[in-house]
Amino acid sequence: MQDIPNTMKIELTEGCNLRCGMCGIQGIRESAGGPYKFMTVKVAERIASQMEEAGWTSKLEFAMRGEPLMNENAADIIKVFREYLPPAHIMLTSNSLPLLKGKGVAENVAALFNAGLNVLALDSYEASLKAIKQVRRYGVQSNSIELFDYTDGENKASPYTRVKANVKRIFIMQDMEKAVLAGAKVGTKIGSNHAGVGMPPLKEPLTARCARPFREMAIYHDGSVALCCNDWRGKYMCGDILKEEIEEIWNGPVIDAARIHLYHRARNFAPCDVCSNTSFRVGLLPDKLGKKDMSKVSKASKAIVREVGSAPYHTEPVKREWE
């Protein structure tokens with residue numbers, strides 16, 4: 001049995017209102033905007049209820065392959081997870097632009113926190129600065145929200161640190177597009193190439209272990225489970241939350257075969273063979289204490305990763321210039 005995931009990566013929206021230069025959205029969308037695909041409250045309830053039944057205490061992060069706040073039911077979905085999982089750490093990452101719609105920034109932010117959100121992390125893209133300014137003002141004026149601004153050069157806290165259910169925090173993050181693209185120019189790795197979809201694929205697979213499938217579960221808007229959040233096109237799909245139990249998927253043969261290969265540094269299957277992601281604390285794999293062991297790569301595990309990795313993409317690809 002694999003330890004429960006430290007984090008659940010959950011996709012409220014497939015599709016984004018922006019088109020950043022380093023992002024995998026370019027590998028599944030011709031241009032910025034729709035057609036959007038949204039997670040429904042029903043799908044969210046299926047995930048949350050299964051987590052409750054399984055006794056999972058994972059952190060929840062809403063982001064993945066699109067702008068989560070384009071989903072008009074975002075606050076309702078947050079409320080569902082809070083009701084089923086009262087102690088959970090719930091985080092949402094946004095480019096902030098949807099906060100300008102409707103009743104405006106103050107009421108939209110308040111609605112998210114009233115629904116049960118703990119952490120609102122906002123990337124400071126050029127297009128987002130108007131909304132960011134209003135959010136910053138709202139955070140400064142609020143008596144119940146802690147505001148952390150990474151744009152001043154001081155990292156005072158981390159949005160990923162677990163907090164109690166009643167804690168409310170806003171993080172103004174840096175411009176990730178500028179940071180990633182600037183780093184790529186000088187050979188400094190920041191972020192991931194989204195398995196060769198956001199930025200060019202690796203010519204040779206890395207020989208480093210990857211911890212993501214050991215510590216995170218990535219669920220698309222429709223309830224399907226990908227190997228990890230970097231698999232933007234859904235090349236290696238592990239199950240469907242609407243058809244299977246969450247624990248069956250997490251401890252199933254498909255994801256376990258990938259773990260065996262990644263544990264033994266055999267990143268020779270799609271999409272891991274072209275992915276630039278590296279992980280921290282890989283010495284603690286496969287469990288959180290690093291005391292368990294995993295079977296060797298076998299004919300059976302090779303057959304599984306080959307079969308799954310050769311299946312059609314879950315999401316229709318848009319070819320990049322290097323493909």
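Predicted model: local features only at pLDDT ≥ 70, side-chain atom pairs only at ≥ 80, totals over all residues.
Biologist: How many residues does helix 3 give to the lining of the second largest pocket?

Modeller: The second largest pocket holds about 350 Å³ of space. Its lining has 13 residues, and those closest to its centre are Leu-69, Asn-71, Glu-72, Pro-98 and Asn-108. Helix 2 (74-84) and helix 3 (105-115) are the elements that give two or more residues to this lining. The largest share comes from helix 3, and that share is three residues.

Biologist: How many nonpolar residues are in the lining of the largest cavity?

Modeller: A search of the whole structure gives one cavity of 30 Å³ or more. The largest cavity contains about 110 Å³ of space, and among the 14 residues lining it, Cys-210, Leu-227, Cys-228, Cys-272 and Cys-275 are the closest to its centre. By class, that lining has three charged residues, two polar ones and, as the count asked for, nine nonpolar.

Biologist: Are the two faces of strand 1 buried or exposed?

Modeller: In a regular strand, side chains alternate between the two faces of the sheet. In strand 1 (residues 7-10), Thr-7 and Lys-9 are on one side, with Met-8 and Ile-10 on the other. Both faces are covered, and these four residues are all buried.

Biologist: In strand 9, which residue is the bridge partner of Met-8?

Modeller: Strand 1 is joined by four bridges to strand 4 (residues 59-62), and the two run parallel. In strand 4, Met-8 has Leu-60 as its bridge partner. Four bridges also join strand 1 to strand 9 (residues 216-219), again running parallel. In strand 9, the bridge partner of Met-8 is Met-217.

Biologist: Why is Leu-117 classed as buried?

Modeller: Leu-117 lies in the loop between helix 3 and strand 6 (119-123). The cut-off for buried is under 20% relative accessible area. Leu-117 is classed as buried because its relative accessible area is 1%.

Biologist: What distance separates the C-alpha atoms of Leu-117 and Val-167?

Modeller: Leaving out residues up to four places away in sequence, Leu-117 touches Ile-78, Ile-90, Met-91, Leu-92, Leu-112, Val-167 and Lys-168. Val-167 is 50 residues from Leu-117 along the chain, and the separation of their C-alpha atoms is 8.6 Å.

How values were computed
Residues numbered from 1 in each chain as written. Heavy atoms only, no water. 1 Å grid on protein atoms, 1.4 Å probe; cavity = no way out; pocket = protein on both sides within 12 Å on 5 of 7 lines; lining within 4 Å. Points joined across faces, edges and corners; volume = space filled by probe spheres on them. Nonpolar A, V, L, I, M, F, W, Y, C, P; charged D, E, K, R; others polar. Buried < 20%, exposed > 50% of the residue type's maximum accessible area, 1.4 Å probe, protein only. Pairing = 2+ DSSP bridges. Contact = heavy atoms within 4.5 Å.
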